[in-house]
Amino acid sequence: MDEIREKACAKLNISLDVLGKRPDGYHDMVMIMQTVSLTDEVSIERTDGQGIRASTNLEYIPGDERNLAVRAAGVFFRESGIAEEGLRISIRKKIPVGAGLAGGSADAGAVLRALNRLYGMPLDREGLVRAAEQVGSDVAFCTLGGTMLASGRGEILTRLPSMPECWYGIIMPHFSISTPELFRKLDGKKIRCHPDTQGLVQAVENGDLSGVCRRMYNVFEDVDDRRMRTVAEIKGRLMDCGAMGALMTGTGSAVFAVFESQKTAETAVSEMKGDHRLAAVCGNVGPLA
Ligand code: ATP
């Protein structure tokens with residue numbers, strides 16, 4: 001088979017905590033993350049020519065080494081010991097960029113899974129994680145998927161039982177937020193509140209959806225940035241529409257809300273549709289590798 005397709009799933013942060021900045025410049029984080037059914041579609045073809053290139057339906061996303069999907073393919077060949085071949089990676093992007101939904105990392109994870117399948121599974125789970133870590137902090141999670149407790153830069157992963165059944169309404173306003181910019185703002189302040197990660201893990205393990213929703217927390221929402229007012233407004237509207245909880249994912253700007261029923265999620269999202277860049281309903285996606 002010379003062409004292979006794979007879905008790249010967006011991630012949501014059920015919680016996000018930053019413990020401090022490390023000497024290497026990265027931050028020590030503790031997060032609970034979940035893959036969801038908002039996806040990019042990745043397809044990979046072998047080509048006769050040399051080189052690995054990516055193209056997407058968004059012209060401003062680079063097709064060279066700056067694209068995480070291209071970087072992932074290069075790392076795959078190195079880690080597996082297979083001689084590098086020419087590849088054409090086509091990505092249909094539905095995960096918005098700069099949203100905190102880890103779209104680029106999701107594409108990289110999909111490329112690692114797809115190439116591993118295409119070449120007869122030369123990498124086991126550990127090999128996939130080793131490759132993923134070389135591409136970016138969230139890529140290991142995006143490769144394995146499901147529900148995970150992540151620490152370190154985000155690459156130390158412990159699998160949790162699946163989130164209790166629920167639906168998510170995802171709303172992204174008409175602005176994106178740069179991840180390095182928000183980290184800089186966080187570094188300049190004292191973090192006053194931290195999520196109760198242990199309580200959250202317990203709630204996930206007990207299948208206690210309202211316990212999860214009560215404890216969802218993201219330290220970036222407390223950063224001094226006027227865009228957080230819009231984030232808070234969106235959360236408020238989602239709660240007014242019957243959500244059990246709402247949170248900004250990653251460094252934003254996307255916000256998600258948890259609903260017990262698909263119908264309530266769809267009604268909420270359709271009410272908010274016109275005013276935002278993205279308004280979508282999706283569900284949990286379990287382990288991918
Ligand atoms: P995160 O949640 O990991 O902070 P994000 O959702 O805020 O991510 P992304 O959508 O992953 O951000 O992309 C941010 C940057 O990564 C953009 O500047 C984009 O040019 C670059 N990038 C590299 N590869 C990709 C890709 N395959 N898809 C989208 N963006 C990519």
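**Entry 1: the model**

I am working from a predicted model.

**Entry 2: around the ligand**

I started with the residues around the ligand.

**Entry 3: polar atoms at the ligand**

Next I looked up N and O atoms that face each other within 3.5 Å. Aspartate 107 has a polar side-chain atom 3.0 Å from a nitrogen atom of the ligand. For glycine 98, a backbone N or O atom lies 3.2 Å from a ligand oxygen atom. Alanine 99 also uses its backbone: a polar atom there is 3.4 Å from an oxygen atom of the ligand. On its own, the ligand has 620 Å² of accessible area, and the protein covers 76% of that.

**Entry 4: the pocket**

I turned to the empty space. Rolling a probe the size of a water molecule over the atoms shows where such space is left. The largest pocket is the space that the ligand takes. I noted its volume as about 1,200 Å³.

How many residues line the largest pocket? I have 42 on my list. Nearest the centre of the pocket are Leu68, Ala102, Ser105, Asp138 and Thr179. By class, the lining holds 19 nonpolar, 17 polar and six charged residues.

I also asked where the lining comes from. Strand 1 (3–21), strand 2 (27–47), helix 2 and helix 5 (179–187) each supply at least two residues. Helix 2 has the largest share, with four.

**Entry 5: two backbone details**

Last, I went through the backbone. Most residues other than glycine have a negative phi, and most peptide bonds are trans. I wrote down two exceptions.

Alanine 102 has a positive phi of about 60°, though it is not a glycine. I located alanine 102 in the loop between strand 4 (86–92) and helix 2.

From glycine 252 to serine 253 the bond is cis, and its omega is near 10°. Serine 253 sits in the loop between strand 9 (245–248) and strand 10 (255–259).

Notes
Residues numbered from 1 in each chain as written. Predicted model: local features only at pLDDT ≥ 70, side-chain atom pairs only at ≥ 80, totals over all residues. Heavy atoms only, no water. Polar contact = N/O pair within 3.5 Å; in protein donor to acceptor, adjacent residues only side chain to side chain. Areas by Shrake-Rupley, 256 points an atom, 1.4 Å probe, with all protein chains shown as cover. 1 Å grid on protein atoms, 1.4 Å probe; cavity = no way out; pocket = protein on both sides within 12 Å on 5 of 7 lines; lining within 4 Å. Sits in = over half its atoms within 2 Å of the grid points. Points joined across faces, edges and corners; volume = space filled by probe spheres on them. Nonpolar A, V, L, I, M, F, W, Y, C, P; charged D, E, K, R; others polar.
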